[in-house]
Structure formats: structure tokens, C-alpha cells
Amino acid sequence: MTDGEERLAQPRDAFALLGHDLRLEILLALLSHWEAVETEPQRYSELMRAVGMEDSGKFNYHLDRLRGVYLRKTDDGYVPTASATALYRAVLAHRPTETPARTQLDPGIDCPNCGAALVGVYEREFFSLRCDPCDSVVGEFTYPLPKNSLAERTDREVLEAVYDRAREHIGLARRGQCPDCGGTTTRDVEVSAITETESPVRIDCDTCTWTVRTGFLLPFLTDARVLAALDGVGVAVEDRSPWELPEPTAMVTGADPVQVDLVVTAGEGEVTITIDNDLSVQETRTDCRASEQST
């Protein structure tokens with residue numbers, strides 16, 4: 001097998017299990033009663049009635065194909081597995097519906113470079129914040145956003161929602177867990193990109209296709225030490241939007257192993273966040289100007 005064929009082998013097998021109408025009906029019948037840990041098992045006879053099947057031999061064959069993967073047998077009957085419910089949620093989040101009419105959003109904020117009004121663009125279920133006069137994507141930020149996120153939210157709330165998702169997802173991936181499949185992640189700082197316009201941080205899932213390239217600050221906005229240090233110099237992350245946060249200056253302080261100092265300068269002082277090539281926070285140091293002036 002080529003790498004691509006090997007990567008697709010398991011998804012192909014998973015999709016094939018649901019490639020028969022009866023197996024799909026069995027799974028949907030189970031999911032219709034799903035209430036997390038409170039789910040009541042459905043008995044064999046109940047499932048047969050739910051899918052309108054009278055041939056027990058045929059029913060047993062398809063039930064066995066699903067067992068252990070998408071359903072589990074208990075003493076009281078059958079319940080869907082976590083894999084089945086995860087798949088169900090993914091289908092609901094990305095179900096085949098028409099593209100939302102809102103493809104151009106007005107978040108009500110201005111470009112930090114030229115002052116022009118920024119436009120939120122929603123294309124192929126990805127959100128980006130663009131400045132037309134600068135002909136650029138602000139912060140090179142583009143992130144997937146399910147169509148459900150646009151419902152019942154104002155344009156500004158959509159912007160806040162996508163940044164909240166990105167902060168939580170990327171923070172989890174930085175700590176080694178894929179936000180989509182739960183697999184391990186490979187984290188890397190591309191030192192050659194630090195002085196260029198490219199995003200220097202790359203995180204890839206080792207199991208599925210989740211991947212991201214980003215700047216230095218976003219991956220650390222769920223780290224308690226970083227949040228406390230920033231708060232100490234007057235940067236309250238929870239009270240600010242990501243585009244309002246000061247951009248850190250990166251300095252490579254070690255080559256083998258790679259070590260980078262991220263220096264965030266604010267009105268009340270300066271924070272230095274030392275990270276390694278695995279995006280682990282090694283140390284935070286705070287230099288508070290207010291403290292120096294008061295002593």
C-alpha cells in the first residue's frame with residue numbers, strides 16, 4: 001500500500017460497515033434512544049420491530065457486523081458505542097444542507113494595519129477575516145466552522161465563536177491530543193519561518209487529517225501559567241478578543257534542542273514565555289514596570 005492507500009483503508013472499512021440499508025437502520029434505531037450514560041439498552045426483539053425485520057437469520061448477520069464497532073451487547077440488550085455516537089454527531093454537524101446565505105459577515109472591527117473595516121468570509125465551511133485594501137487575511141487566520149455555528153448568532157458572535165473553537169482546539173492539540181479523534185499529535189516549531197511571514201507553528205494529528213499552522217500566541221491561550229503571566233502585566237485574555245492581544249516577539253535561544261523565547265510587551269510590563277520544539281512551556285518570566293516604579 002502507498003501511504004495514501006493505507007491512510008484510507010480504515011475509513012473505507014468503517015464506511016463499508018454502514019453501506020447496507022439494514023445496518024444503517026439498526027444503528028439509527030439505537031441512536032434514536034441515545035441519552036449518553038443514561039441510555040436504556042434495546043432488546044433484540046425491539047430492534048427487529050424498529051427496523052421492520054422478520055427474518056432473524058438476516059437480522060443476526062447484520063447485527064453481528066456492527067457488534068463491537070458501532071454497537072455493544074449488554075445483559076439487558078444493545079447500546080450504541082462511543083464511535084457510533086461520535087459519528088452521529090459529526091453527521092449532524094456536517095449534514096448535507098445548502099450553503100448558508102451569509103457568506104460575507106460584518107463583525108464590526110477594523111484592520112489593525114490600515115484601519116479599514118474587516119470582512120468575515122465564510123467559504124467551504126471555513127471562516128477567515130479579511131481586509132480588502134490590504135488584500136490579506138488578518139493574522140493568516142482561517143479555521144473550519146460547521147454551518148450550525150451561523151444559526152442564531154450575529155456576525156460578531158460568529159467571529160467570537162470561531163476564535164473560541166480555535167483556541168480550545170489548538171490548545172488541546174498543543175498538549176498532544178487531537179481535538180477531532182483523540183489521537184496523539186506531532187508539534188513542531190519551524191525555526192526558519194520565525195522571521196518570515198509564514199506561521200511558524202505546525203501541529204498534525206498522527207491518526208486523522210486534522211492539521212493546523214498558526215502563530216505563536218494562540219496555542220498557549222489555554223495554558224494557566226501563560227494566562228496568569230499575561231494577566232500580571234494587564235493583558236486579561238478572557239476579556240479580550242485574540243485580534244486585540246499584543247503580538248509576541250520570537251527569539252531563538254537554543255538550537256539543539258530548539259528553544260524559543262516569546263516576549264509579549266504590554267503597558268504594565270513584559271512577559272517572556274520559553275517554549276521548546278514540542279510546544280511545551282518551559283518557563284514564564286514577568287517583568288512588571290508598575291512593580292519597579294512602586295519600589
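A salt bridge is a side-chain nitrogen of Lys or Arg within 4 Å of a carboxyl oxygen of Asp or Glu. The model is predicted, so local features need pLDDT of at least 70 and side-chain atom pairs count only at pLDDT 80 or more, while totals for chains, interfaces and linings use all residues. Residues are numbered from 1 along each chain as its sequence is written, and side-chain values use heavy atoms, with hydrogens and water left out.

Select D155 and R102 to begin. Their closest N and O atoms are 2.7 Å apart, in a salt bridge. D155 lies in helix α6 (residues 155–174) and R102 in the loop between α5 (82–93) and β3 (104–105), so the pair ties together parts 53 residues apart in sequence. Helices (H or I, at least four residues) and strands (E, at least two) are DSSP runs, numbered from the N terminus.

Next, select R213 and E190, whose side chains meet in a salt bridge (2.9 Å, N to O). R213 is in strand β9 (residues 211–214), and E190 is in the loop between β7 (185–189) and β8 (201–205).

Then select R174, D223 and R225, which are linked in a network of salt bridges. The structure holds 13 salt bridges.

Finally, turn to the cysteines. How many disulfides (pairs of cysteine sulfur atoms within 2.5 Å) does a search of the whole structure find? The search finds zero. For C114, the nearest cysteine sulfur is that of C131, 3.5 Å away. The sulfur of C134 is 3.6 Å from the closest cysteine sulfur, in C131, too far for a bond.

Notes
Disulfide = S-S within 2.5 Å.
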